[in-house]
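Please work through the following exercises with the sequence and the model in view. Each task is followed by a solution in steps.

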Amino acid sequence: MGLRKAGGNWVAGDRFFDREVEVDALIERVEDGTHTLVTAQRRMGKTSLVRELLRRLEERGDFETVFVDLEDCATPADAIVEIAAGSRHIRGLWTRLKSWAARSSTSAVDRIDELGASELRIKLRAGIDAGRWRAQGDALFASLAASEKPVVLAIDELPILVNRLLKGHEYTITPERRQDTDAFLSWLRKNAQAHRDRIRLVVSGSVGLEPILEQAELSAHANVFAPFELRPWHEETAVACLGELAASYGLEIPEGVRIGMFRRLRCGIPHHVQQFFDWLHEHLRRDNRSEASMDDVDTVYSQDMLGVRGQVYLEHYQSRLRMVLGDDGYVVALELLTEAAVSDGRLTDSSIRQYAAYRSVLSGESGGQVRDVLHVLEHDGYLARRDGGYNFVSGLVEDWWRARNARGFVSFSDRHA
C-alpha cells in the first residue's frame, strides 16, 4: 500500500516514516532504565515517536506500556487518575490497588474491566481528595512497579499540567502555586527514582518543560530526566517522504518540485511536510490532474498553506505562547517575532537592545523579561541564534507570522528614534 497520509495528530506503524535511529535510541534508553524527556520544536512528531516506541515494545512483549495525556488535567489528583485509568490493562494492577478501588465506590475489583473510560475516571476521582493524592499516587507507582514486566510509562503534555499548576488561568506565578507545583514535581521525581529498576518514564509535550521550570526556579526537578532532542528531517528525508506519498496516491511530483516544496518550508518539520502534500494533493484533485509543477507548489503555498484555511493549523504557534509566557511575556514575544518577520526573518542584537530600551522607558522593565522570552522562543523552536542575532527556524512560520501580524507594525528602530 505504501506510505499513507497522517490523517491525525500522531502516526504509528505503516504511517510512521523514518526516525529509525531515534526509535532505536529510545529503546536502548528504556533497556538501560533511563527516564527520558523528549524535547523538540512544535509539530516535530514527539507524540508519534513515543507512540511508535510503545508499539514496538508491545510487539517485543518484554515490557508493559502505558500512554497518558495530561493536557486536560488541572491538579495532581487528575494526573494520578489519568495514569491509573491508562494502566487499567496491566494484569493484577487493580487487585494490588483493591483498597483504592473500594474507596472509589467501585463495588468489586472485577468490574474494572466493565467500566467505560469516562466512568472509571469519575469513580477514581471520587476516591482522591486534596490531602491524600500523594499517598494514593505512591500506591499506584508501587503497584505498577510490582507488575510481572517492567513498565514504560509515557506521559504526554506534562509541561502543560505543570504550567497550569504554576500559573493558573491568569498565567501568573504565585508563591502558593509555586509551592503546589514543587510538591507535585517532588512526588513525581521521588517515585521515578524509587522505581527506576521497574518503571521507565518517557515525558513529552507541545511546550518545553525546562523554560517553564526556570521561570519558577524549579529546574532541579528536571534532573531526573535525560533530555532527548528530536530534530527536523534533513532535506533528503523530507523529499523522500514526499516521493513515497506521491507514489502511494498515484501522483507525479518530480524530484525538483519536491525539493522546491522543502525549500519553501525551509525546516523539515514532519507535520508541515505532510500538510504541504495534503494541500497539493487536494489542489491537483480539484483540477483532475496527477502531475505537479512548481506553479502548483507556489499556488498551494500562498493560497492554502498561508491562506485562511491553513491558518487553523498554525494558530497554535501563537496561542501556546500566551499560555507559557503569561500576558506580559506574550506581548513581548509577539513584538520580537513580528520584528523578525518584517526584517526578512532576522532579529538582530541591535534591534533587541533598542526594544529593551523602549520597554524600559515604557514600563520601567529591565532587560530580564526580554531575555527570558528569547530563551523560550529559542528553546521551543521559533528562533535560532545565528551570527549576532536570531533567525526564524521555519520559513512557513516566518511567512505566516508576517502575513498575520505585520500590518501596522512599527519597527523597533522607528520607536527608538
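The expected span of a helix is 1.5 Å times one less than its number of residues. Helices (H or I, at least four residues) and strands (E, at least two) are DSSP runs, numbered from the N terminus. This is a predicted model, in which local features need pLDDT of at least 70, side-chain atom pairs count only at pLDDT 80 or more, and totals for chains, interfaces and linings use all residues. Residues are numbered from 1 along each chain as its sequence is written, and side-chain values use heavy atoms, with hydrogens and water left out.

**Exercise 1.** Compare the reach of helix α9 with its expected span.

Solution. Helix α9 covers residues 175–194, which is 20 residues. From first to last C-alpha the helix reaches 28 Å, close to the expected 28 Å.

**Exercise 2.** State the strand order of the open sheet and identify its edges.

Solution. Two strands pair if DSSP finds at least two bridges between them. The order of the five strands is β2-β3-β4-β1-β5, with parallel pairing. Strand β1 (residues 36–39) pairs with β5 over four bridges; Thr36 has Ala226 as its bridge partner in β5.
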